[in-house]
Amino acid sequence: MADDAIRCDACPVLCYIKPGRTGSCDRYGNRRGQLVRLDAHVVLDRALQHGEPLVPFLDRSRDWDGQLISGAETFVTAIGAGTTYPDYKPAPFIISSEVAGVDMVTVVTEGIFSYCGVKVKIDTDRHLGAEEHIVRAQGEPVGHVTTSEYGSQMLSLGGVRHLTGGTKSEGAVTCETLLNLCNGKAVELSVDDGATVIVQAGKSPIVNGAQEERMRVGCGSATIGMFAKQWFGKIDEVVVVDDHITGVLSQHQAGKLLGVRETGIKIKGRRSTPGRYFQVAEPGTSWGGTNIDNPLAIVSGFNPKFAWKGLRLLMVSTTGEQHAYFELDENLKPVEQNLPPSLTESVSRIKENCEPALSTVLFMGGAGGSLRAGVTENPVKLTRSVREAFTRVTCGGAPVYVWPGGGITIMVDVTRMPENAFGYVPTPALVAPIEFTLPLKDYSALGGYMDHVRPLDSILRDENRQRISARAENPWPLSTARISEPPK
Amino acid sequence: MRQPPTIQMLPDGRRVHLHDGPIDLIVEAFGDPAEIREAYRAAANRFGSILDELCVELPLLRSRASRGNSGPDGPVARRMYAAVLPFASRVFITPMAAVAGAVAEEILEAMTHAANLSRAYVNDGGDIAIHLSRSEHFSVGMVNNPEASRRPESPCLFGSANINFEDSTRGIATSGWRGRSFSLGIADAVTVLAPRAAMADAAATVIANAVNLPGHPGIIRIPARDLAPDNDLGQIPVTRVVPPLRPAEIADALARGVQVARGLLGEGLVCAAALHLQGATRVVDRPSRLAIAPRAESPANHRGLAHA
């Protein structure tokens with residue numbers, strides 16, 4: 001077979017693609033010996049956001065209406081823009097447009113990120129795995145479990161050690177996993193000695209086959225604080241079972257202030273402050289993120305000095321999904337009874353106050369390296385300009401968070417980016433769009449490629465562009481870049 | 001890495017986009033909302049395995065079709081094979097010449113079997129299978145260049161066709177050297193109406209190949225293999241550049257295509273055809289019926305190939 005052709009493995013057709021050519025799908029091509037995705041270059045169209053339908057990307061060849069869009073209403077994203085190599089060459093597109101009387105420049109490039117990763121927040125109390133444990137996709141290590149945060153389990157996936165530091169297969173699977181997560185596809189992940197979870201950005205997670213519906217209303221102690229008043233007078237004792245902090249109404253400050261009578265209940269685990277218990281059980285995927293199915297497992301007994309026959313006890317999880325009601329018999333043993341109608345409302349109120357459980361995916365990459373050389377001949381000036389907020393960074397037009405400190409380390413919510421904004425190269429690395437927008441005079445001052453600046457309408461006129469509507473929830477990328485005083 | 005098929009509703013909330021590898025379908029059904037849902041579900045179910053089915057038989061589908069062969073096994077592959085067989089003794093043709101139309105037919109059939117629809121179409125990159133119930137019709141616009149957006153300055157709508165229930169047309173296809181597939185000819189676009197989409201696909205390929213000026217020094221042709229090593233056309237030269245032609249040359253090239261199209265019309269393999277080359281259009285049609293209305297000057301803002 002032809003020596004310089006490469007085999008595309010994006011679909012079972014397995015095209016051999018010559019350099020500079022595309023496969024039979026026209027989506028993947030051979031660019032200097034590398035397989036790259038070549039989707040139409042995406043242009044955000046602000047005017048279209050007001051109820052007009054998107055231009056379906058498939059029909060892009062037929063939907064051109066010949067219309068030229070005036071300056072500031074159109075933003076050229078880096079999706080499909082390609083990149084330049086070597087790095088010192090100017091970025092593929094350096095676009096000028098006028099915004100409120102000021103000439104602005106947007107430098108548009110697709111970055112190849114071989115150090116990048118994603119942070120995944122999974123809204124569930126269920127124990128997915130111990131901190132530091134390896135997260136796998138298709139059996140390959142692609143990341144690890146990190147600290148759980150406020151009722152969500154956090155995963156850190158990707159990064160240079162998985163992309164390039166392991167076996168070839170580990171790198172390929174990591175790249176595929178990141179690509180799918182960033183493009184909003186579902187991915188199955190398994191944690192060593194932990195759970196299997198299906199994660200999809202913006203969708204509810206599926207833990208060990210069970211769809212997670214709600215994230216907890218708060219920790220067990222917080223739940224006591226929130227609902228103590230509604231329980232007062234209707235029940236003698238409430239225990240909110242939570243792997244992190246289990247709350248006990250009669251001992252909790254909230255119950256004390258209301259004058260709830262002592263019940264003598266004894267809870268296993270380590271008491272923190274009154275009415276707040278740590279480590280009542282092992283972490284798991286049952287009641288409140290513990291491993292217990294029978295809530296009485298965390299109750300070691302009742303002190304007869306305070307408890308009484310007929311004492312009414314409600315045990316409930318932090319999402320309200322599990323609950324059980326008991327009354328003490330003459331031996332002060334809890335006997336399960338049906339939940340009295342007067343309490344059903346308070347249990348469903350917990351459920352109602354839980355937010356829908358979602359998985360969210362933040363792409364994290366660094367634009368502080370060689371990529372800057374395509375923007376300016378003096379790269380550190382770009383870093384400073386971003387720091388000082390004169391230069392706005394966007395990914396496919398979506399706002400990014402620039403992490404303080406050195407470099408340009410960005411985080412972006414992938415669900416705010418246009419569909420299929422990410423690509424990959426088999427090195428392996430992710431390809432992500434990145435745009436730098438700044439006033440033209442600032443661009444000139446930081447050593448920009450002024451002779452490569454081209455007006456917006458030239459872009460729209462002469463090449464294959466896909467117009468999509470800007471997302472209403474995103475700030476318009478051209479609207480709020482800060483206008484600086486002329487640098488001295 | 002194998003990318004899974006994607007199936008999604010387009011933002012207009014009416015049409016469904018199905019994509020897998022080189023297959024891109026736009027599907028729209030008309031009728032009772034419950035029936036439409038059922039039809040879309042059936043389309044999605046059928047779509048999942050189509051590319052894999054085809055790829056299993058890819059070597060056979062990329063080789064020259066001939067009556068002696070036993071033919072392929074898969075349902076889509078059989079549609080392809082049946083559609084190109086009438087041409088197999090006359091020209092070099094492989095079942096791949098009908099792949100788009102055959103996929104469109106297969107999905108349309110899955111939909112019409114599952115649901116009761118007044119109208120429906122499956123558009124596979126310009127090769128379209130249509131379904132019509134009594135008294136329904138489709139209007140179809142024809143563009144000369146599937147990559148029109150790369151050349152927005154050139155006119156694109158060169159004709160329109162009205163397809164009624166009574167007509168035998170249920171498939172539409174367009175072929176030309178500017179399109180995604182390679183062509184041996186120089187037509188900018190040949191649009192064919194035929195009883196089935198796979199038939200239209202194969203016939204459009206054959207007619208577009210016939211629109212030609214053999215030996216013209218300005219036309220640049222390159223062996224298909226040099227562009228795409230695994231292409232089914234192998235060493236056969238395919239058209240890469242067509243220079244501006246003189247009116248007499250255009251007429252000559254179109255006449256060759258018209259002759260082939262007339263023959264196919266007589267055999268009942270096509271219902272009508274429109275041939276377009278550098279601004280000139282020839283329509284081959286039954287004398288009594290004007291299925292295709294050519295259009296002299298085309299507006300630049302044409303949208304969509306098939307619409308209600």
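**Helices and sheets in chains A and B**

Trainee: Which strands does helix 3 of chain A lie across?

Mentor: Helix 3 (residues 220-231) of chain A lies across strand 17 (237-241), strand 18 (246-248) and strand 21 (276-278) of chain A, and it runs at about 150 degrees to strand 17 of chain A. Helices (H or I, at least four residues) and strands (E, at least two) are DSSP runs numbered from the N terminus, while axes are lines fitted to C-alpha atoms, for helices over the stretch in contact, with angles from 0 to 180 degrees between N-to-C directions. This is a predicted model, in which local features need pLDDT of at least 70 and side-chain atom pairs count only at pLDDT 80 or more, whereas totals for chains, interfaces and linings use all residues. Residues are numbered from 1 along each chain as its sequence is written, and chains are lettered from A and ligands numbered from 1 in the order in which they are written.

Trainee: Switching to chain B, which residues of helix 4 are buried?

Mentor: In helix 4 of chain B they are B:Val76, B:Ala77, B:Arg79, B:Met80, B:Tyr81, B:Ala83, B:Val84 and B:Phe87, where buried means that 20 or more other C-beta atoms, placed from the backbone, lie within 10 Å of the residue's own.

Trainee: And what covers them?

Mentor: The cover includes helix 2 (50-56), helix 3 (58-61), helix 5 (99-114) and helix 6 (197-210) of chain B.

Trainee: How do helix 5 and helix 6 of chain B cross?

Mentor: Their axes come within 7 Å and cross at roughly 170 degrees, which makes helix 5 of chain B roughly antiparallel to helix 6 of chain B, a label for angles over 145 degrees. Helix 5 of chain B contributes B:Ala100, B:Gly101, B:Ala102, B:Ala104 and B:Glu105 to the contact, and helix 6 of chain B contributes B:Ala197, B:Ala198, B:Ala200 and B:Asp201; two residues are in contact if their C-beta atoms, placed from the backbone, lie within 7 Å.

Trainee: What about strand 8 of chain B, how many of its residues are buried?

Mentor: Five of the five residues in strand 8 (residues 171-175) of chain B are buried, with B:Gly171, B:Ala173 and B:Ser175 on one side and B:Ile172 and B:Thr174 on the other.

Trainee: Which strands does strand 8 of chain B pair with?

Mentor: Strand 8 of chain B pairs in the antiparallel sense with strand 5 (residues 127-132) of chain B over two bridges and with strand 9 (residues 189-194) of chain B over five bridges, pairing being at least two DSSP bridges between two strands. B:Ile128 stands opposite B:Ile172, and B:Thr174 stands opposite B:Thr191.

Methods: Buried ≥ 20, exposed ≤ 12 C-beta atoms within 10 Å, placed from the backbone. Parallel < 35°, antiparallel > 145°, perpendicular 65-115°, else oblique.
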